[in-house]
Amino acid sequence: VLNFEDVKDILIRRLPRRLLNLLRLLGEYGDDVNMPVYVVGGFVRDLLLGIENLDVDIVVEGDGLKFAEYAAKQIGAKMVPYEKFLTASLFFKDGFRIDIATARTEYYEKPAKLPMVDISTIKKDLYRRDFTINAMAIKLNPLAFGILFDFFQSRKDLKEGIIRVLHRLSFVEDPTRIIRAVRFEQRFGFHIEETTQEILTETLEGGYLEKVTGSRIRQEIEKILEEQSSLKAIRRLAELNILKHIFPKTYYTGVMDKKLVNMYNFFQKLGDIYKNYNKFYCVLRVLLEFYDENSLKEVARRYGIPKKFVEETKFSEKIVIPVKEMIHDKMLFSDIYKVLGKPSPETACYISAYLECDDQEYFYEYLKKVYETKLEKVSGEYVMKKYGIKAGPIIGKIMNELFCKKLDDMKIDEIFELERIIKNLRGEDE
Ligand code: ATP
């Protein structure tokens with residue numbers, strides 16, 4: 001049954017004034033150039049769910065580039081065309097942006113490759129999308145402003161909380177939809193519909209995810225990690241056996257889950273210490289733990305993970321247990337420092353995965369201390385001049401020792417301590 005419900009009232013009630021006016025204008029421009037104009041996709045889904053979404057995706061039946069050019073001129077926006085894809089973006093002076101596309105059908109020359117594009121109608125355009133909940137359009141032309149185009153029972157699925165593909169080959173055409181299904185399911189607390197899940201599993205077992213480039217998979221994983229519910233999504237990826245097809249040597253056990261729980265707990269404090277950290281690399285530290293070197297390098301190559309990550313992973317796997325014990329025993333910061341130094345955010349997160357709440361607290365104090373502590377009076381230069389020591393590793397050793405002293409006691413007199421260190425050193429020499 002076709003559904004052409006009128007959702008104009010919802011538009012009026014839920015959208016900011018300015019946005020509503022913009023949509024009306026776009027509809028009028030559509031009439032001017034004689035083209036049907038729609039707002040589509042995630043915007044419509046979120047509107048009906050009552051969730052704010054300012055990503056406006058417009059689809060035009062006809063020449064989308066021509067429409068974009070006309071609209072840009074009328075409204076005083078800057079248009080940037082992407083001719084190859086028959087799409088364009090309009091940039092407004094205040095930085096607001098909307099995307100305009102030509103209604104199209106896509107056909108796939110080979111599974112798991114990017115699609116070829118043909119001009120088409122709104123129904124076919126919606127049919128090529130990932131899930132029913134993302135496949136609705138609202139018409140904007142004045143006479144039909146606010147009419148919902150729902151060809152695939154999308155609104156029903158939205159009400160019932162169901163993630164459903166539009167046709168059987170959907171996952172084969174674009175296997176990244178396998179990961180997207182989990183993302184939307186967990187974001188909205190929905191459920192992947194039974195047949196969809198069967199097809200998903202068949203496609204997985206057919207090895208289609210392995211045909212997709214690593215960078216496209218990585219992008220989808222990174223999008224999952226941006227979600228509020230990302231830990232639940234990781235669990236679901238494991239449960240549906242998707243994780244195995246992304247990281248073949250990962251066994252998602254209860255122990256691994258507990259480590260992620262600890263790490264997620266620590267994420268909340270991390271921003272105080274590190275301005276930016278890469279959540280993807282942090283989570284991978286746990287998911288790729290104990291990989292043999294070759295498998296690790298292979299995964300790193302596939303997903304564009306830097307060499308440094310591989311080296312750090314190997315190093316931190318060796319020290320994590322002793323460091324955990326030292327933290328648990330509340331040993332001196334200087335003792336921990338001698339093993340761990342100033343860890344990268346990823347390594348700090350990895351250590352945190354092994355720590356219960358109380359120990360995380362002590363570890364957090366450690367990190368803060370290590371990153372805040374600076375020698376104020378003594379520099380390498382100063383040591384060289386005052387004691388007539390030549391540049392070389394010995395200077396580093398002296399500075400390090402002094403730094404350790406200060407880690408344990410902020411109130412030390414740097415000059416006095418330095419004197420003692422030098423004396424000791426010269427005593428050793430004799
Ligand atoms: P989000 O709220 O995360 O931005 P979204 O639904 O807007 O979700 P986008 O990735 O921005 O997601 O995609 C916009 C729209 O394009 C989707 O609603 C969907 O209709 C369509 N789409 C995106 N990726 C795919 C895909 N891989 N296969 C089919 N359709 C897709």
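How much of the contacts in the protein with a separation of 6 or more comes from residues 24 or more positions apart? The share is 63%, with two residues in contact if their C-beta atoms, placed from the backbone, lie within 7 Å.

## Ground rules

This is a predicted model, where local features need pLDDT of at least 70, side-chain atom pairs count only at pLDDT 80 or more, and totals for chains, interfaces and linings use all residues. Numbering runs from 1 along each chain as its sequence is written.

## Overall build

The protein has a radius of gyration (taken over C-alpha atoms) of 29 Å, while a compact globule of 430 residues would come in near 22 Å, going by 2.2 Å times the number of residues to the power 0.38. Its C-alpha atoms fill a box of roughly 95 × 50 × 40 Å along the principal axes.

## Domains

Going by an automatic or database assignment, we get domain 1 (8-157), domain 2 (161-246), domain 3 (250-372) and domain 4 (380-429). The C-alpha centres of domain 1 and domain 2 sit 25 Å apart.

Twelve residues of domain 1 are in contact with 15 of domain 2. On the domain 1 side, that makes eight nonpolar, one polar and three charged residues. Here Ala, Val, Leu, Ile, Met, Phe, Trp, Tyr, Cys and Pro count as nonpolar, Asp, Glu, Lys and Arg as charged, and the others, Gly among them, as polar.

## Around the ligand

Gly41, Gly42, Asp55, Asp57, Arg129, Asp130, Asn134, Asp174, Thr176 and Arg177 surround the ligand, each with its C-beta atom, placed from the backbone, within 6 Å of it. Four of the shell residues are polar, six are charged and none is nonpolar. Domain 1 and domain 2 each supply at least three residues to this shell.
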